[in-house]
Amino acid sequence: AKLLGMAPQLSVPVLIRDTLNLILVQLIGLRGELGAMLAFQQRLAAAALRAAEIGNDELQFVVDCATGNLAAQLANHNAAMAPLNKLLLVVNILLELASLPPIELLPGLGEQLSPEVLDVLDVTITVLEGALAAIPL
């Protein structure tokens with residue numbers, strides 16, 4: 001059975017399936033992390049507003065520190081998305097050969113997260129799940 005999987009007729013679909021699975025698992029994990037970071041960003045905004053309302057400099061210092069940490073996390077996620085976009089480019093070439101629509105590349109996160117980034121990830125995850133289901137193995 002393993003030897004049969006090495007035949008070109010079977011190895012290419014297996015390669016595509018495994019590549020799609022790799023990207024899908026990464027995107028699902030990224031989506032979860034970004035969702036948690038978005039909720040944290042919103043809590044930080046509320047804490048900053050509260051610190052300004054009561055004039056608490058210590059609280060504002062903590063909020064500023066946490067905001068800096070969040071910005072560093074976002075920068076790391078931006079850097080981590082570059083290899084995923086390269087894989088998506090390869091998958092898009094394969095999808096084009098199969099006359100299928102391409103998958104949208106992942107957007108940059110910038111310095112502030114927005115729910116729209118999660119929407120793009122949700123669409124990409126759905127498309128990848130559909131593509132995986134369509135691979136006959």
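This is a dialogue about reading a predicted model of a helical protein.

Trainee: What should I keep in mind before I start?

Mentor: The model is predicted, so to speak of local features we need pLDDT of at least 70, while side-chain atom pairs count only at pLDDT 80 or more, and totals for chains, interfaces and linings use all residues. Residues are numbered from 1 along each chain as its sequence is written, and side-chain values use heavy atoms, with hydrogens and water left out.

Trainee: How many helices and strands does the protein have?

Mentor: Helices (H or I, at least four residues) and strands (E, at least two) are DSSP runs, numbered from the N terminus. Here there are three helices and zero strands, in the order α-α-α from the N terminus on.

Trainee: What share of the residues counts as buried?

Mentor: Buried means under 20% relative accessible area, exposed means over 50%, and partly exposed lies in between, with a 1.4 Å probe and protein chains only. In this protein, 28% of the 137 residues count as buried. Accessible areas come from the Shrake-Rupley method with a 1.4 Å probe, and for residues only the protein chains shown count as cover. The protein exposes about 8,600 Å², of which carbon and sulfur atoms supply 66%.

Trainee: Which residues touch the most other members of the largest nonpolar core?

Mentor: The general idea comes first: in soluble globular proteins, nonpolar side chains tend to be buried together. A nonpolar core is a set of buried Ala, Val, Leu, Ile, Met, Phe, Trp, Tyr and Cys residues joined through side-chain atoms within 4.5 Å. The largest one here has 30 residues, and those touching the most other members are Leu-20, Leu-27, Leu-34, Leu-106, Leu-109, Leu-113 and Leu-128. Two or more core residues come from each of α1 (8-54), α2 (57-97) and α3 (115-134).

Trainee: What does Leu-113 contact, leaving aside its neighbours within four places in sequence?

Mentor: Contact means heavy atoms within 4.5 Å. By that rule Leu-113 meets Leu-34, Met-37, Leu-38, Gln-41 and Leu-74, with neighbours within four places in sequence left aside. For the whole protein, take the contacts with a separation of 6 or more: 70% of them join residues 24 or more positions apart.

Trainee: Gln-41 is on that list. Is Gln-41 buried or exposed?

Mentor: Gln-41, found in helix α1, counts as buried at 13% relative accessibility. Beyond four places in sequence, Gln-41 touches Leu-70, Gln-112 and Leu-113. Gln-41 and Gln-112 are 71 residues apart in sequence, yet 8.1 Å apart in space, C-alpha to C-alpha. The Gln-41 side chain also reaches the backbone oxygen of Leu-113 at 3.0 Å.

Trainee: What does His-77 touch?

Mentor: His-77 lies in helix α2 and counts as buried, at 13% relative accessibility. Not counting residues up to four places away in sequence, His-77 touches Leu-30, Glu-33, Leu-34, Met-37 and Leu-109. Thr-19 makes another example: this residue of helix α1 is buried at 18% relative accessible area, and Thr-19 is in contact with Leu-87 and Val-91 once neighbours within four places are left aside.

Trainee: How many salt bridges does the whole structure hold?

Mentor: Side chains of opposite charge can pair when their charged atoms come close. A salt bridge is a side-chain nitrogen of Lys or Arg within 4 Å of a carboxyl oxygen of Asp or Glu. A search of the whole structure finds three. Arg-31 and Asp-122 meet at 2.8 Å, N to O. That pair links distant parts of the chain, with Arg-31 in helix α1 and Asp-122 in helix α3, 91 residues apart. Arg-31 is partly exposed at 26%, and Asp-122 is partly exposed at 31%.

Trainee: Where do Glu-53 and Arg-50 sit?

Mentor: They are three residues apart in helix α1, and therefore separated by about one helical turn. Glu-53 counts as exposed at 54%, whereas Arg-50 is partly exposed at 45%. Asp-18 and Arg-17 form a salt bridge too, with their closest N and O atoms 3.0 Å apart.

Technical notes: Polar contact = N/O pair within 3.5 Å; in protein donor to acceptor, adjacent residues only side chain to side chain.
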